[in-house]
Amino acid sequence: MNIRIISDFNAETLAHYLNNSTGMSTLTAECAPFGQVSRQLLALTQVPKDSVNNPGVVVLWTRPQGIITAFNEALNYARPTRDDVLKQVIQFAETIRQAKQPTSAVFIPAWTFPPHYRGYGLLNMQTGIGLRNLLHEMNLTLSRELASQKDIFLLDAERWVASQGDNAYDPRLWYMGKIPFSSGVFKTAADEIKAGLESLDGKTRKLIILDLDNTLWGGVVGDAGWNTLRLGGHDPIGEAYADFQSALKALTNQGVLLGIVSKNTEQIALEAFEKHPEMVLQLTDFAGWRINWNDKASEVANLVMELNLGLDAAVFIDDNPMERARVAESLPEVLVPEWPKDPLLYRQALEKLACFDKTSINPEDTKRTAMYAAERERKRARIEFLSLEQWLNTLAIEVQAEPVNHASFARMVQLFNKTNQMNLSTRRLTESELQDWLTDPNHCMWTFRVTDKFGDSGLTGIGSLFFEDNKAHIIDFILSCRVMGRDIEEAMLHVLTQHAADKGAKIVEAVYLKTAKNKPCLEFWQESEFNCKKNQTFEWHLGNAYPLPRHIKLKWDS
Amino acid sequence: MREKTAEIIWEAVAELNEMRPPDDQITKSEDTVITGRNSLLDSLAIVNLVAIVEQKMTSTLDVSLELADQLGDDNGALQTFGTLIDYATQRVCGE
């Protein structure tokens, strides 16, 4: 991934940190000549999307006084009007919008002041006078002006500066090298930007696997019983554990899943969840658990597999350094953060983890834990039936196929970038790239929503076609692992082939592109009704309709 | 005291090395050249070194070094890490 840093100051230190820190080996950051922000942004508007000169991702970091001249006057107490300042901010936002076109994303650190800056002192936060008040308004205006623009992200740089205290700004660096921040600020910025890039790349962590004793609560439940645990109450330690649980619960509202891997007797541990009056997390907050006396590394791997996730989606939190080391060594893809000894620091340690960033939040995220709970029920019900067919018939599955609509874009981008197993071509797309692809009249795309008697799985499938002469090529065939194995795939093919026939195509063709993780997709296509040609190409002649599974009720307007 | 100032200088070098590729690390040796013809440090590294050392000397030993003054002086404190440690030690001891 390539990054171009455009700034009105010397940002080489940031480029060095981005290029040389661990984690993203394929990242290359370079600085455009500094102090030419407008020129660099205007130059970007001339770059075609497919040009080698397309920088990929742009980090646009400016000082407010360096880019908004009216604010520079305000800093000299010249008192330009608030409207003059905000008008320039709106103009700057428009320049950014135009420069965004060829790039895949633009990251803009919000404007900041040095912590020591007092401005008008007592009046510095006063509306109409205070410079810090004005700077807040500038950031809010910039954010508002860019809100409708996809893949432009205003970053919380105030936090990077605050993290370095009085050392955030070093006048020595400014006078010697035109560097306004200390290396600590740039290092924090590089970590945050990398977390953002990983999020754009669909590499956000989705699951936190937790130990129980001395991690979710204080004490050992198997030794002394649930009523002796330190959790909540008038006790700083108990309060800290309850607060840690609250922070975990808050993450589930962002779509992060929780799991348990603990060496305990399951019945005793579960009793604590059911009976302890101050337990914040309930069993329904967990997507799954493995509570037994087995090796934790094996159980972490088993739980991740059970939830149809990759190991690289998981974070493991345990107070015991031996267990952390065991999991980190055995499963290097799992993120195992160093964990503080002091439970009073647990919540802070959790909130510092920069691995759950998202490029957007959508309704499916907030329902994810409930969906896994429904899946647990499905599996329990599955055991009661002798055959798969019998079981599928009882599920009352409904699939709703819809042409793409703008409201679904955020969720679709999430599926494009996170789905690995049932993914024909594994195209990774940003929202604007998706939008561009759809502008071609020979392209079309359908989304698929799935519900059954246990609950609503939401938008979980995407299929797209490219029409060429009398052939329709299936470009994307994506299905979330949550609903795989219920013949939703067959229903998707029914819709895509029917649509291709309606458009006059004679043949539908799909080419499987192998990745390290999409073997289940190949197995599906090999077992489908499509004819398997050489080179993992599959074909369907549209003289016949592709059969819709009898147990699926399809809702669509063909 | 020389040991203490050396420790501060090596901490600053460690910070600088965090932003450099593994095959281009600054050697923690008193003979390593900082400025001048044989220096392997670019101007960004030198500027950062000066700022980090000054900041650490102030916060750890409450001594102000004013190394920026030494930047243009070929025979000054910034010839090698050895001369830098000597200079810092002298300033701490009030010489």
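This is a predicted model: local features need pLDDT of at least 70, side-chain atom pairs count only at pLDDT 80 or more; totals for chains, interfaces and linings use all residues.
## A partly exposed tyrosine in chain A

At 40% relative accessibility, A:Tyr77 counts as partly exposed; that label covers everything between buried (under 20% relative accessible area) and exposed (over 50%), using a 1.4 Å probe and protein chains only. You'll find A:Tyr77 in the loop between α4 (69-75) and α5 (82-100) of chain A. Helices here are DSSP runs of H or I with at least four residues, strands are runs of E with at least two, and both are numbered from the N terminus. A:Tyr77 isn't a glycine, yet has a positive phi of about 60°.

Residues are numbered from 1 along each chain as its sequence is written, chains are lettered from A and ligands numbered from 1 in the order in which they are written, and side-chain values use heavy atoms, with hydrogens and water left out.

The model scores ipTM 0.86 and pTM 0.71. In chain B, pLDDT (the predictor's confidence in each residue, from 0 to 100) averages 90, and 99% of the residues score at least 70. Confidence in chain B is lowest in helix α2 (residues 43-61), at a mean of 92, and highest in helix α1 (residues 2-18), at 94.

## Chain A as a whole

Chain A carries 22 helices and 18 strands. Its radius of gyration is 27 Å, close to the 24 Å that the globule rule gives for 558 residues, so chain A is as compact as a globular protein of that length. That radius is taken over C-alpha atoms, and the rule is 2.2 Å times the number of residues to the power 0.38. The C-alpha atoms fill a box of roughly 80 × 75 × 40 Å along the principal axes.

Of the 558 residues, 54% count as buried. Among contacts (heavy atoms within 4.5 Å) with a separation of 6 or more, 71% link residues 24 or more positions apart.

## Chain B as a whole

Chain B is built from 3 helices and 0 strands. Its radius of gyration is 12 Å, close to the 12 Å the globule rule gives for 95 residues, so chain B is as compact as a globular protein of that length. The C-alpha box is roughly 35 × 25 × 20 Å along the principal axes, and buried residues make up 46% of the 95.

Of the chain B contacts between residues at least 6 apart in sequence, 60% join residues at least 24 apart.

## Where A meets B

Across in chain B, A:Met176 touches B:Val47, B:Val50, B:Ala51, B:Ala68 and B:Leu71, not counting residues up to four places away in sequence.
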